[in-house]
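Biologist: Could you walk me through this one? I'm new to it.

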Amino acid sequence: MPLQLFTPQDSAILLIDHQVGTMSWIRSDAIDNVKAAAFALAKAAVALDLPLILTSSQEDHFQGPLQPEFETIAPKQYQNRIRRTGVVNAWEDPAFAAAVKDTGRRNLIIAGVTNDVCTVYPTLSALDEGYQVQAVADAGGSITKLADDAALRRMEKAGAIITSTTMTLTELARNWASDAGQKLLPILGELLPH
């Protein structure tokens, strides 16, 4: 059965470990690009009233706190973020898994700061539990390009749709004249080259 396009009514956005320290591990893309993509996804979730789950791991260690911009973009979600104590696969943290299930959404848009650690495992776990997953490749990166490619291939082979932030926003908008389109157009505009 072909996958249906995701809509604001059936999707949730999960942003994993976009922390000050972990961001410095990315070498496969420019860190500013990854930040802009992650922030755009958070802004889209807020604009469209999509469930947005933020999670971090060991904020008091070298991973550091979540990027401070998230507190401005999504203050309630930032306050309610799932603070994991070291579990690598966010899905294996009971509070995170429960938060996802509580959304009632079966279409998950997932982005982690590192595709080869933070994104890949929760994506595989969600797929295993019957969710449809879009992994947003450019809202994360990896230590090397090779590691990034390997993570994306592994997720795709398992059944995830590999996508980009621009594709995600335009898929949710569907029509620029719609209410969703009008809300997402300025967010997309921030990502376009000037």
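Biologist: What pattern does the protein chain follow along the sequence?

Modeller: Keep in mind that this is a predicted model, where local features need pLDDT of at least 70, side-chain atom pairs count only at pLDDT 80 or more, and totals for chains, interfaces and linings use all residues. Residues are numbered from 1 along each chain as its sequence is written, and side-chain values use heavy atoms, with hydrogens and water left out. Helices (H or I, at least four residues) and strands (E, at least two) are DSSP runs, numbered from the N terminus. Read that way, the protein chain goes β-α-β-α-α-β-α-β-α-β-α-β-α-α.

Biologist: Where is Asp17, and is it buried or exposed?

Modeller: Most residues other than glycine have a negative phi. Asp17, not a glycine, has a positive phi of about 65°. Its place is the loop between strand E1 (11-16) and helix H1 (31-48). Buried means under 20% relative accessible area, exposed over 50%, partly exposed in between (1.4 Å probe, protein chains only), so at 4% Asp17 is buried.

Biologist: And Asp49: buried or exposed?

Modeller: Asp49 also isn't a glycine, and its phi is positive, about 60°. Asp49 sits in the loop between H1 and strand E2 (52-57). Its relative accessibility is 66%, so Asp49 is exposed.

Biologist: What share of the protein chain's residues is buried?

Modeller: Here the count runs over the 194 residues of the protein chain. Buried ones make up 53%.
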